[in-house]
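Subject: Structure handover

Hi,

Here is the structure for you to look at. My notes follow below it.

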Amino acid sequence: MKFPRTRMRRLRSDDFIRRLTAESSLSPNDLLWPLFVHDGNKSSPVPAMAEVFRLCADDLWRQAERALILGIPAVALFPVIPPENKTPQGEEALNDNGLIPRLIGEMKKKFPELGVMADVALDPYTSHGHDGVRDDKGRVLNDETVEILARQATVLAVAGADIVAPSDMMDGRIAAVRDALEAAGLNNTKILSYAAKYASVYYGPFRDAVGSTGSLGGKDKRGYQMNPANRKEAIAEMRLDLDEGADMLLVKPGLPYLDIISDAANAFEAPILAYQVSGEYAMLNAAGEAGCFDKNAAMMKSLLAFKRAGACAVLSYFAPQAAALLRN
Ligand code: PBG
C-alpha cells in the first residue's frame, strides 16, 4: 500500500502511540554496573571518567546499596592492585585472601540479593599488564595462561562470585573454567564469556584506572584480542565459547560493534550482553560537557541502541545515572 493510505508518521504522532509501538525498551534490569575497587581507605577519582572512583570498601557498600535501591541487578568488580603486588605470573590473582575475594565474600554477606560478577584475567595482577603469562620473547602463552585462569575463576567462585567473566581471549579457557568449577562443586556459578572482545583504544581510561597502562608500556593486545576488521570471526568465537560451556556471551566494545551484537542475537539463543566501555563513557561525557548535546539524552539513546541491536543487558558506567532517570 502506498501513500496516502500508508502514512508511517501516523504511529509517531503522539507520545501514547510511540510508547505503544516501541520495539525495544530500557529498564534498570538491563544494566550491569562495573565498579573499580582498591585496598585504600579512601576512594580516589579515575582520570578521564567523571563520577567514577576507585572505591574503598566502605564506599563500595554505599554503591552496592545504591544499586539495590535503583533496581540494578548486579555489579562487576575490577581490582586496582598496587604495583608492588604485581608479578610477571600474576600470582596475586590466585590469592584467596586477595582484595577481590575478600570484597566478594563481604558483599554477599551484606547484600546477598545483589548479583556479583568478577573478571577472570591476569592484567590487573601482572607487572607487564597483559592478560596472561609470557614467554621470553614477550608473547602471551595460551595454555599456561588458561591453567591459571581456571584456578583464578575457582578462587572467585569459592569466594562467592555469582558470575565469573573471562575477559582474556585465550583459546579454550571457557572449557577449562567450566571443568574447574564443576570439579569444585560450583555448578551454579554462571560464566559470562567476553567472547567477542576486540583490541581497542577505547579501553584507555579503564587501563589508567587499574594502572595497567604504564605496565603495558605502549604495547597492545592484538596478539589475543580480536581484529576490529573482523565480523564472521566473532560468530566463530561465540560458538566455541557456547560449546565450551559459557552461559552468556559478551561483545566489547559496545556502540562501535552493534553489528556484532545483532549478528550474535540472531545466531544464538544464549543471552548476549554488551559492554559500553570506559572510552565510550568518556566520549559521551566529554561531548556533553563541551555542550555538544544533552549528556543524559545521549546516554539513554546509546543504551537503548544496545537493546535494539539485540543485547539483553549492558555493562555500563552510566548504570546508576540511567537507572535513576528510568525510575522517574
Ligand atoms: C581486562 C579488561 C579490560 C576491560 C575489561 N576487562 C581492558 C583490556 O582488555 O585491556 C576494559 C573495560 C573498559 O574499557 O571499560 N581483561
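**Helix pair α3 and α4**

α3 and α4 cross in a right-handed sense. Keep in mind that this is a predicted model. α3 covers residues 99-110 and α4 covers residues 142-159. Their packing angle is about 25°, and the axes are 8 Å apart. Angles under 35 degrees count as roughly parallel, so α3 and α4 are roughly parallel to each other. On the α3 side, the contact is made by I100, P101, I104 and G105. On the α4 side, V155, L156 and A159 make it. By class, the contact of α3 with α4 has six nonpolar residues, one polar and no charged.

**Helix pair α8 and α9**

α8 runs over residues 232-244, and α9 over residues 258-267. The two helices pack at about 45°, with axes 10 Å apart. α8 passes α9 in a right-handed crossing. A234, I235 and M238 supply the α8 side of the contact. I260, D263, A264 and A267 supply the α9 side. The contact of α8 with α9 counts six nonpolar residues, no polar and one charged.

**Ligand surroundings**

Which residues come nearest to the ligand? There are 18 residues around the ligand, and K197, R207, K221, K252 and Y317 come nearest.

- K221: a polar side-chain atom lies 2.7 Å from an oxygen atom of the ligand.
- D123: an N or O atom of the side chain is 3.1 Å from a nitrogen atom of the ligand.
- K252: an N or O atom of the side chain is 3.3 Å from a nitrogen atom of the ligand.

**Backbone points**

K252 comes up again here. A cis peptide bond joins K252 and P253, with omega about -10°. P253 sits in the loop between β8 and α9. β8 covers 248-252, and α9 is the helix that packs against α8.

A cis peptide bond also joins F3 and P4. Here omega is about 10°. P4 lies in the segment before α1, which covers 15-20.

Where does A48 lie? A48 is in the loop between β2 (44-45) and β3 (53-55). A48 is not a glycine, yet its phi is positive, at about 70°.

Why list these backbone points at all? Because most peptide bonds are trans, and most residues other than glycine have a negative phi.

Over to you.

Definitions and conventions: Residues numbered from 1 in each chain as written. Predicted model: local features only at pLDDT ≥ 70, side-chain atom pairs only at ≥ 80, totals over all residues. Heavy atoms only, no water. Axes fitted to C-alpha atoms, helices over the stretch in contact; angles between N-to-C directions. Helix = DSSP H or I, 4+ residues; strand = E, 2+ residues; numbered from the N terminus. Left-handed = near helix turned anticlockwise from the far one by under 90°. Contact = heavy atoms within 4.5 Å. Nonpolar A, V, L, I, M, F, W, Y, C, P; charged D, E, K, R; others polar. Near = heavy atom within 4 Å. Polar contact = N/O pair within 3.5 Å; in protein donor to acceptor, adjacent residues only side chain to side chain. Parallel < 35°, antiparallel > 145°, perpendicular 65-115°, else oblique.
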